Amino acid sequence: MKYNVLLLGSGGREHALAWKISRSSVLGKFYALPGNPGINSLAEEIDGSVGDFDLILRTVVEKNIDIVVCGPEDPLVNGLKDFLMSSTEVRKDLLFVGPGRAGAMLEGSKDFAKEFMARHGIPTAAYRSFTAGQKAEASAFLRTLRPPYVVKADGLAAGKGVIISQTLQEAEESLEHIFGGQFGTAGAKVVIEEYLDGVEVSFFVLTDGHGYMLLPEAKDYKRIGNGDTGPNTGGMGSVSPVPFCTEDFVEKVRSRIIEPTVRGLESEGLDYRGFIFFGLMNCGGDPYVIEYNVRMGDPETESVMLRIDSDLLAHMAAAARGDLSGERIVVSAQSAVTCIIVSGGYPGKYAKGCPISGLESLEGITVFNAGTAIKDGGLVTSGGRVLALSAVGSGLEEARSKVYAQVERVSFDGASHRDDIALDMINWGKRR
């Protein structure tokens, strides 16, 4: 069977998914809403917003869509799956990759996620949650912890709702800002938790609600500057595989975290069919959950997709149908490295509409569009994170050298990137 696919989203993650979907042997017609210049070179563009559920419904009906793939988290947390599946206009056999509103609470509420982990014995940092009316209790709890201090807005805050403070005064100020409306309604409740000291890693599964398929792991680089300095961003690059993810470590992740999560969702009656992102901390060889996401990560997806050799669309369709048992993922032995080129001033204020040049000179590089647009027939910047340059090699060193040998060929006014993506993991591998 061939599937007519509607992909929702407009970032680098969605371009990487589109790149992989476009190579599927079971792809029929391919549509993207709203897409970006890179995505729309692979799929037919549907102009609009992923928050416009009525438009998505009309598109599903008019384009005879078989499977909806939702890239970003907001539509999932806001109940897009429930909205579509409850519509009398939609075919009963419509497939949807992603959870309904109830399952999406794993990402939509950090308090919900922490309580879920506690119920199912999943290792995570000790924590307590507080509302604005409990500010005094929250401050008192902070004083029982040792620095650094971790304060999180409970709801969705576009990846910016986690504040790590080195001093008690800074932590109390961050508490004041969140309760004062820094993240809008997302900060109506805060989660304060102990700081986990270790190295972060991202794991991903595709689940049918009963079993799961483990995708390649990845590590991303969140801070703007070399050596992990400066403010947090949406991600400045990623690598896959991750050298410290040995068979022993992966088995711990499976048995202590992934399997209890999938069993927990099923036991609580949450019909979850789609991706689960596990943001983990490797603390001396033991994995702890920092956060769940209910979709793929960005910029990890740009590296992960390059390492999946089997048909991801077929896997997603099987998961959405509720039976992955006949699917087998094939993961490449090659390594992937992704470097993000960002606008000058990002993650603060930055210019838009800057013409981009040099892409035609790249060789052996896969380019994913993140914040781009077409203006007067040419490609221009339209976001903070503009392009993801990804390459594969026999190891991280070779993949990295391919990217960095050519990254300077891409130019636009104010363009910048980190120079040290993958170096820490290359050195980690050499130490061992």
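# Reading the features of a predicted model

Biologist: Where does Asp 376 lie, and how should I read an element name?

Modeller: Asp 376 sits in the loop between strand β20 (372-375) and strand β21 (378-381). Helices (DSSP state H or I, at least four residues) and strands (state E, at least two) are DSSP runs, numbered from the N terminus. This is a predicted model in which local features need pLDDT of at least 70 and side-chain atom pairs count only at pLDDT 80 or more, while totals for chains, interfaces and linings use all residues. Residues are numbered from 1 along each chain as its sequence is written, and side-chain values use heavy atoms, with hydrogens and water left out.

Biologist: Is Asp 376 buried or exposed?

Modeller: Buried means under 20% relative accessible area, exposed means over 50%, and partly exposed lies in between (1.4 Å probe, protein chains only). Asp 376 counts as exposed because its relative accessibility is 79%. Asp 376 also has a positive phi of about 55 degrees although it is not a glycine.

Biologist: What is phi in Ala 422, and where is the place of that residue?

Modeller: Phi of Ala 422 is near 85 degrees, a positive value in a residue other than glycine. Ala 422 is in the loop between α12 (396-404) and α13 (423-431). The relative accessible area of Ala 422 is 0%, so this residue is buried.

Biologist: How many helices and strands are there in the protein?

Modeller: The protein has 13 helices and 22 strands. Its C-alpha atoms fill a box of roughly 55 × 50 × 45 Å, taken along the principal axes.

Biologist: What share of the contacts in the protein joins residues 24 or more positions apart?

Modeller: A contact means heavy atoms within 4.5 Å. Among the contacts with a separation of 6 or more, residues 24 or more positions apart account for 69%.

Biologist: Which residues of helix α2 are buried, and what do they pack against?

Modeller: In α2 (residues 53-62), the buried residues are Phe 53, Leu 55, Ile 56, Leu 57, Thr 59 and Val 60. They pack against β1 (3-9), β2 (27-34), β4 (67-70), α3 (74-77) and α4 (80-85). After α2 comes Asn 64, with a positive phi near 55 degrees.

Biologist: What is Arg 91 in contact with?

Modeller: Leaving aside neighbours within four places in sequence, Arg 91 is in contact with Asn 64, Ile 65 and Asp 66. Arg 91 is in the loop between α4 and β5 (95-97). Its relative accessible area is 31%, so Arg 91 is partly exposed.

Biologist: Which residues touch the most other members of the largest nonpolar core?

Modeller: In soluble globular proteins, nonpolar side chains tend to be buried together. A nonpolar core is a set of buried Ala, Val, Leu, Ile, Met, Phe, Trp, Tyr and Cys residues joined through side-chain atoms within 4.5 Å. In the largest one, of 76 residues, Leu 8, Ile 56, Phe 203, Phe 278, Tyr 292 and Leu 389 touch the most other members. Helix α9 (residues 247-267) gives the most to this core, with seven residues. Apart from this core lies another of 46 residues, among them Val 97, Met 305, Ala 318 and Ala 320.

Biologist: What does Ile 341 touch?

Modeller: Not counting residues up to four places away in sequence, Ile 341 touches several residues, including Arg 385, Leu 389, Phe 412 and His 417. Ile 341 is in strand β18 and is buried, with a relative accessible area of 2%.

Biologist: Which peptide bond has omega near -5 degrees, and which has omega near 10 degrees?

Modeller: The bond from Pro 147 to Pro 148 is cis, with omega near -5 degrees. Pro 148 is in the loop between α7 and β7 (149-153). The bond from Tyr 346 to Pro 347 is cis, with omega near 10 degrees. Pro 347 is in the loop between β18 (335-342) and β19 (366-369).
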